[in-house]
Amino acid sequence: MSTSAVAERLISLWETPKTTRGWFATVDHKELGIRYLVTAFVFLIIGGLEALLMRIQLSRSDLAVLSPEAYNQIFTMHGATMIFWYASPILSGFAVYLVPLMIGARDMAFPRLNAFTYWTYLFSGILLYVAPVLGQSPHAGWFAYAPYTLTRYSPGRGMDLYALSLIFLTISTTGGAINFIVTILRLRAPGMAISRMPLFLYSTLTTSFVILFGLPALTAACIFLELDRRWGTHFFHVAEGGSTLLWQQLFWFFGHPWVYVIFLPATGMLSLIIPVFSRRPVVGYPFIAIATVLTGVVGFGVWLHHMFTVGMSDIAMSFFSAGSMMISVFTTIQVFAWLATIWTGRPVATASMYYAVGSVMMLVIGGLSGVFTGVIPVDWQAHNTYYVVAHIHYVLIGSNVFPVFAGFYYWLPKMTGRLMNERLGKLSFWVMFLGFNVGFFPMHILGLLGMPRRIYTYRAGLGFDSWNMVVTIGAFVFGIGMFISIINFLLSLRTGELAGRNPWNSDGLEWSSDSPPAPYGSLHIPLVASRHPLWDNFDEDDDPDNDRVLDWGRLTPVTTALDAEPIGLATIPGDSLLPLFMSVAMFAFFAILVFQMALTALGILLITFLIGCVWMWPHDVKEVI
């Protein structure tokens, strides 16, 4: 059979119909990955606009652009949007799109679960933003400390929507983590042993396990909060035997590992981008892989450094202070590996490389300020000041937003088939880089001057005015830089140069397919012989008898977890509307719970569960040995 005939047969098996039903029913990981990216980027824009509103309010002393209540609501929505609905989902979008292509699989292990996790992510964000429409946004901060979240201080529906939308989101995130773990461990192409995996897979796999062990604490905390608010329990009511510190313990047990969930996949992206544009393999591959895994493990021993100021024993604080110091060593290993790769390579100055190197620079600044706050007496002084605001933004923007933009300039040509304009990309980088540092570095100074965080205004004469005006100007410049990249992307869709299969001469399997990839990915399931499949002398697609085409069904190989030895085939289910239906039902369940209609909500949940068990999940992935 000719190559074109084989390709047509595979297209008939894997392509989603270009219809309205097809758009809603698709389980194609490439379509879902793009939707994740677009949705998360929309949340980034919303969160950024909320940040600019806060900066206008704080640009001068004693301003009244926002009322105290409005400021608290915008502050809460900004933090929740950025931390929960942007930072991790944007990385999930890259992973959903790229992981099957990187490992030579046809799709994710559980494609309908993949669709379900996207729809639940989208609807959880919609549920959160129902609150402003009702005029009752959550207002107790994105960290939602008790007792401010209880009905005595937050009598409206805002905190209910906060808690329930987060529970809804954890369903999506947990399902996605399970899907990544099974996909990476069991669907890698033959020969892609664990020692040959791209480093992005190590970071994605590590964060998936972190999610499984850390996210239940957030789910439990939000359930306890909602039970306290509306159902008469007393988990956080001190007068009834509860403890307000219970919320902090649960929240930060989840919260600090979550920092690595929104950080490690981005470092995995840098570990792929920097070697490609340094024209050499990454230095210290095994050390980066081990450091990535240890970051996820040790990350569970650091959460209490968010609570040094609440009062606890010196021994407990010393243990977590040591953990804060130790975990910085693993990031240092990665930074030195990247620098060594650049130093010993032949760097190519592309827009993607600009963002990658800029990210490393800001990550170092954010990391150093983090070690600083890990020193207990220093943290006592700086904890409630703008110094910590500067630190968290250097870490999150330096290790998330800038790597994300590096990823956009690197992988969007694969997704769209067109290159973005390099001049506009570099202009966007410099405007963002300068705007960010002008906007956030002075926050360190404001913190050391004593400006408290979480305030909506401040008195004149404290020495804060000029620095706050500089911060506000920098924030707007940063936003302009992002806008330039958005324009660049939109222009590239119409006028961008055709990318071809591998415009960067990259080494990963994702670049062996067309740009954009065919619905089935690669024509032949590749056979991997090294860490750099497209840089070695081995032909991964050599398959003269078409034994690895698998064109008699929706099939992908199943391999062993460590050595990627073939042990069977997995049958991948096709498109279905059930993931969308179940997500809509879950949305209705949580929306009804906001108004304490428990029996109705439980009825919806039971019907949804039964439909899922009987119809949807048994038709998901099956092994044929």
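Helices (H or I, at least four residues) and strands (E, at least two) are DSSP runs, numbered from the N terminus. The structure described here is a predicted model, in which local features need pLDDT of at least 70, side-chain atom pairs count only at pLDDT 80 or more, and totals for chains, interfaces and linings use all residues. Residues are numbered from 1 along each chain as its sequence is written, and side-chain values use heavy atoms, with hydrogens and water left out.

The description may begin with open space. On a 1 Å grid over the protein atoms alone, a pocket is an open set of points where a 1.4 Å probe fits, with protein on both sides within 12 Å along at least five of seven lines; lining residues have an atom within 4 Å of a point. Grid points are joined across faces, edges and corners, and a volume is the space filled by probe spheres set on the points. The second largest pocket has a volume of about 720 Å³. Its lining comprises 33 residues, and those closest to the centre are Ile 34, Val 38, Met 415, Thr 416 and Phe 489. At least two lining residues come from each of helix H2 (20-25), helix H3 (29-58), helix H15 (386-416) and helix H17 (465-495). The greatest contribution to this lining is made by H3, with nine residues.

The next topic is the packed interior. A residue is buried when its relative accessible area is under 20%, exposed when it is over 50%, and partly exposed in between (1.4 Å probe, protein chains only). A nonpolar core is a set of buried Ala, Val, Leu, Ile, Met, Phe, Trp, Tyr and Cys residues joined through side-chain atoms within 4.5 Å. The largest such core holds 190 residues, of which Phe 84, Tyr 86, Phe 94, Trp 247 and Trp 411 touch the most other members. H4 gives the most to this core, with 22 residues. Contact means heavy atoms within 4.5 Å. Leaving aside neighbours within four places in sequence, Phe 94 is in contact with Leu 37, Val 99, Phe 200, Met 269, Val 404, Gly 407, Phe 408, Trp 411 and Met 415.

Thr 76 also lies in helix H4, which covers residues 68-103. This threonine, Thr 76, is buried because its relative accessible area is 1%. Beyond four places in sequence, Thr 76 has contacts with Pro 138, His 139, Ala 140, Gly 141 and Trp 142.

The expected span of a helix is 1.5 Å times one less than its number of residues. For the 15 residues of H10 this gives 21 Å, and the end C-alpha atoms are 21 Å apart, so the two values agree. Because 15 of the 15 residues of H10 are buried, this helix is largely enclosed by the rest of the structure. After H10 comes Arg 279, whose phi is positive, near 60°.

Most residues other than glycine have a negative phi, and most peptide bonds are trans. Asp 62, with phi near 60°, has a positive value, and its place is in the loop between H3 and H4. Arg 454 likewise has a positive phi, near 60°, and is found in the loop between H16 and H17. Arg 454 counts as partly exposed because its relative accessible area is 32%. A cis peptide bond, with omega about 10°, joins Ala 146 and Pro 147; Pro 147 lies in the loop between helix H6 (130-134) and helix H7 (158-186). The bond from Ser 515 to Pro 516 is also cis, with omega near -5°, and Pro 516 lies in the loop between H17 and strand S1 (555-559).

His 524 is likewise placed in the loop between H17 and S1. With a relative accessible area of 13%, His 524 is buried. Not counting residues up to four places away in sequence, His 524 touches Asp 541, Asp 543, Asn 546, Arg 548 and Val 549.

Leaving aside neighbours within four places in sequence, Asn 437 is in contact with Met 362, Tyr 394 and Pro 442. A polar contact is a pair of N or O atoms within 3.5 Å; within protein, one must be able to donate a hydrogen and the other to accept it, and residues adjacent in sequence count only if both atoms are side-chain atoms. Such a contact, of 2.8 Å, joins the side chains of Asn 437 and Tyr 394.
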